[in-house]
Amino acid sequence: MIFNFFVCSAVKEIPEKLEKFLKEIEFPFETRISYVDRLSGTDDEIKTQLKSAHVVIGEPHFAHLLSNPEISCPNLRWFQSTAAGLEYFMKMNPCPYFPTFAKLPFVVTRGATFYGPTMAEYCISMMIAVQRSFFKMKEVQIKLDSPYVDRDNYTKFPLLSQLTVGIMGATGSIGQDIARRLYALGCTVIGLCRRKRKEGEPIVTPQVETPVNAHLPPSELCFEEMYPILGDDEKQTSLRTFLSKADVVINVLPTTLETIHLLGGRLDSEGKEIPSPMESCKKSCIFINIGRGTIIKEDVLVDILKKGTISHAVLDVQEMEPLPSSSRLLTELSPDQVTITPHCSGWPQNGDFITPLLKENLSRFAAGMKAEESALKEGRTEEWVPDLLYIMNWKEGY
Ligand SMILES: NC(=O)c1ccc[n+]([C@@H]2O[C@H](COP(=O)([O-])OP(=O)(O)OC[C@H]3O[C@@H](n4cnc5c(N)ncnc54)[C@H](OP(=O)(O)O)[C@@H]3O)[C@@H](O)[C@H]2O)c1
């Protein structure tokens, strides 16, 4: 038996690392590795490799090809995504996620743990830059040729240890990475998640540790309060209470049917717009969106900022990307009200970010394949129950 590993990624070091790991874990079968650079590769190159692949590792941008009837991937068992958000799979046609929740013949695992550290540093630097008006100072320096104009305006700001930061998606892999860094800096951290944990169940599932996290406090220590919102009443009491307590709200929720327009833009049964839960925020609140732009309708966000319901929004993600120059975020708001960045907060700097999870999942995959082979030799045809980390749950959508 030969296992074909197909790497389709912009992270060029993956094939080399993969080869090394397969040796280190003594992968019990012969292997072949092929590589297509996701940025320069053509659909035809990708399709050719998919036909023989048993394992795919890479960005899921070509997920739609997997359901194309012309391309069969008869051998595919496992897709290790390098991305954390898997909405690319929802665009497959027919879409396996909605409405049938049909089962894919292969398992998909998310690129959890790759992005958290860089996204956490993005949030912390933006919190400080906005609170201390660093962008404004730069503007003044450029315009007036002197950084000393209006100095008094720049001397009133809170310390990080005086801030309560609310993380939406706090129990997720990225949310935990952010919480651990904020807690270490003295912030009070509160979290929002979906599911209420059973008694005795830990609030957060510990992550596969990466070297960059080694010195940080464990995530279960970091949260002052956690607000699960699944099954909350129509008024979304928990969500509103959570929002009302935070000086900074960081959204890192995935796009799912439940999270689309959760913060504003939903209609009631008569087609009337439901007031945005963000009406409960403090007026001084800074909203940092690094999850997905789908969390709030752009028009609602613009109106909220214009009314002064919150003080500032930092948007790394937008409803429409790339953001068109006609967007109201650009035409109707000033840099004092909004800071926009081009979906760059999370970036796995190099192959090292991918290492711990990839190695762990490869070992688990090898054990599963070995067990399957033994079962076959003994005449049993047991289905492989994947024991991989961060398996995509199609029903829940993340
Ligand atoms: N801007 C960027 O560059 C960038 C980069 C990477 C990822 N992202 C985005 O970040 C997202 C999160 O990634 P992740 O790896 O942290 O995901 P994850 O580990 O799957 O965590 C998801 C989190 O969201 C919560 N959640 C899900 N649905 C919810 C709902 N309806 N209501 C309340 N909470 C809900 C989960 O709560 P439970 O624990 O209760 O299930 C969990 O805390 C990705 O899906 C992607 O959209 C952005």
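**Notebook: a strand pair, its sheet and the ligand shell**

I started at one residue pair: Val-55 stands opposite Trp-78 in strand 4. A reminder to myself here: this is a predicted model.

Next I looked up the strands behind that pair. Strand 3 covers residues 55-58 and strand 4 covers residues 78-81. I found that they pair in the parallel sense, over four bridges.

Then I stepped back to the sheet. How many strands form it, and in what order? I counted five strands, and the order reads 2-1-3-4-5. The sheet is open, and its pairing is parallel. I checked the edges too: strand 2 (30-37) and strand 5 (107-109) are the edge strands, and each pairs on one side only.

Which residues come nearest to it? There are 33 residues around the ligand, and the nearest are Gly-85, Gly-172, Arg-194, Pro-254 and Gly-346.

I also wanted to know where the shell comes from. Helix 6 (173-184) and strand 7 (188-193) each supply at least two of its residues. Helix 6 gives the most, with three residues. Looking at domains, I saw that the shell around the ligand draws at least three residues from domain 1 (2-113 + 353-377) and at least three from domain 2 (116-340).

I sorted the residues of the shell around the ligand by type: 14 are nonpolar, 13 are polar and six are charged.

Methods. Residues are numbered from 1 along each chain as its sequence is written. This is a predicted model: local features need pLDDT of at least 70, side-chain atom pairs count only at pLDDT 80 or more; totals for chains, interfaces and linings use all residues. A residue is near a molecule or strand if its C-beta atom, placed from the backbone, lies within 6 Å of it. Ala, Val, Leu, Ile, Met, Phe, Trp, Tyr, Cys and Pro count as nonpolar, Asp, Glu, Lys and Arg as charged, and the others, Gly among them, as polar. Domain bounds come from an automatic or database domain assignment. Two strands pair if DSSP finds at least two bridges between them.
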